[in-house]
Amino acid sequence: MKKSLIALAVAAGSIAAAQADTTTLYGSIGFSSTIAKSEINTDGSAWKNTTQGVKDSLKSVKENHWNIKQDRARLGVKGTEDLSNGLQAIFQFEVQAGEGNNGIDGTRDVFVGLKGDFGTVTIGRQGSTWNTDEDYFKTSSPYKEVWAPGRESKTIKYTTPDFGGFKVAARAVADNANPASKGADQWDTSLAYEANGFMASAAYGKKLDTNPQNATISNGSTEAMGLQVGYENDQFGVVGNAQHESSANTVYNVHGKYMFDANEIRGGIGFTDAKGGNDEVAYGLGYQYNFSKRTKTWVEGVYNTVKHGDNDFTASVGIRHDF
């Protein structure tokens, strides 16, 4: 499988190089060593009502555990071809390796499209327009989130040109996951601004209910929205966001980092306002050393507190190389 993956990458790079004006073969590999206290039940009342015998049987999984975690194992090729009158064809094909001997775990971004004065249109498997997910941490993170639309197949996306730092983007997913829907099964849109180190974005998304019991009789949906603002330069950065899911949780995150020479110190806090549940607050602190622009190592720790429930923590040491 490993030889097949290497052969696939070489072949893809060779073919793409022959056909595209610019082609890039890239990848990322990262692992971390993690110690964590596993979270069994964040519902304080349910845990209190659990019998002692069950608690004793779960004791082993509530204690600290050591694990080696694969943070990244990605390989991809991307490129452009100049057509005419400022029009370009663009493409990307990226795969992710599974842990252990699982071989290729699946695809990430796999799309083709056109780019010009009108903006960019792409079709295939690709990420959302959701621009409210900035996270400075690598492995152990205090970051909290609600439903955030990720990569989906059968996706079409449009992004406008840059208008003085402003861009608008929209994405629609049509995979017929919900028979009650005759249109997009999922969609999201965002407005973003970025200039002189400042950034801000607002996003809104909708995902239809794919529960088989509801799909044929309802058009229920999950809606989520988010706001984010931040600033970053060569020495420090700070970003904050708020996200809300309809009839569910609201989360707030604030992260910051300070950089000097090859060092980076970061801290963050994430808060979950759980509707009908127990609120959570997570605190994170980390340090990263950059051997180069492509190789970095870090140590991070997160302490998570749960109202009326069990607290937990995670600590990790990791290394990553991008190429």
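**Figure 1. Contacts across the whole predicted model.** In this predicted model, residues 24 or more positions apart account for 53% of the protein's contacts with a separation of 6 or more. The protein contains five helices and 16 strands. Of its 323 residues, 36% count as buried. The protein exposes about 17900 Å², and carbon and sulfur atoms supply 56% of that area.

Figure 2. Strand 13 spans residues 263–273, and strand 14 spans residues 280–290. The two strands run antiparallel and are joined by 10 bridges.

**Figure 3. The pairing of strand 14 with strand 15.** Strand 15 covers residues 295–306 and pairs with strand 14 in the antiparallel sense. This pairing extends over 11 bridges. Within it, A282 stands opposite N304, a residue of strand 15. A hairpin of four residues joins strand 14 to strand 15. Strand 14 therefore has two partners to be followed across these views by way of their bridges: strand 13 and strand 15.

Figure 4. T34 is placed in strand 1, which comprises residues 22–37. Is T34 buried or exposed? T34 counts as buried because its relative accessibility is 10%, and the cut-off for buried is under 20%. When residues up to four places away in sequence are not counted, T34 touches H65, W66, N67 and K69, as well as T139, T314, A315 and S316.

Figure 5. A172 is found in strand 7, which consists of residues 166–173. Because its relative accessibility is 25%, A172 counts as partly exposed. Which residues are in contact with A172, leaving aside its neighbours within four places in sequence? They are K154, T155, I156, A184, Q186 and W187. Among them is T155; A172 and T155 are 17 residues apart in sequence, and their C-alpha atoms are 5.8 Å apart in space.

Conventions:
Residues numbered from 1 in each chain as written. Predicted model: local features only at pLDDT ≥ 70, side-chain atom pairs only at ≥ 80, totals over all residues. Heavy atoms only, no water. Buried < 20%, exposed > 50% of the residue type's maximum accessible area, 1.4 Å probe, protein only. Contact = heavy atoms within 4.5 Å. Areas by Shrake-Rupley, 256 points an atom, 1.4 Å probe, with all protein chains shown as cover.
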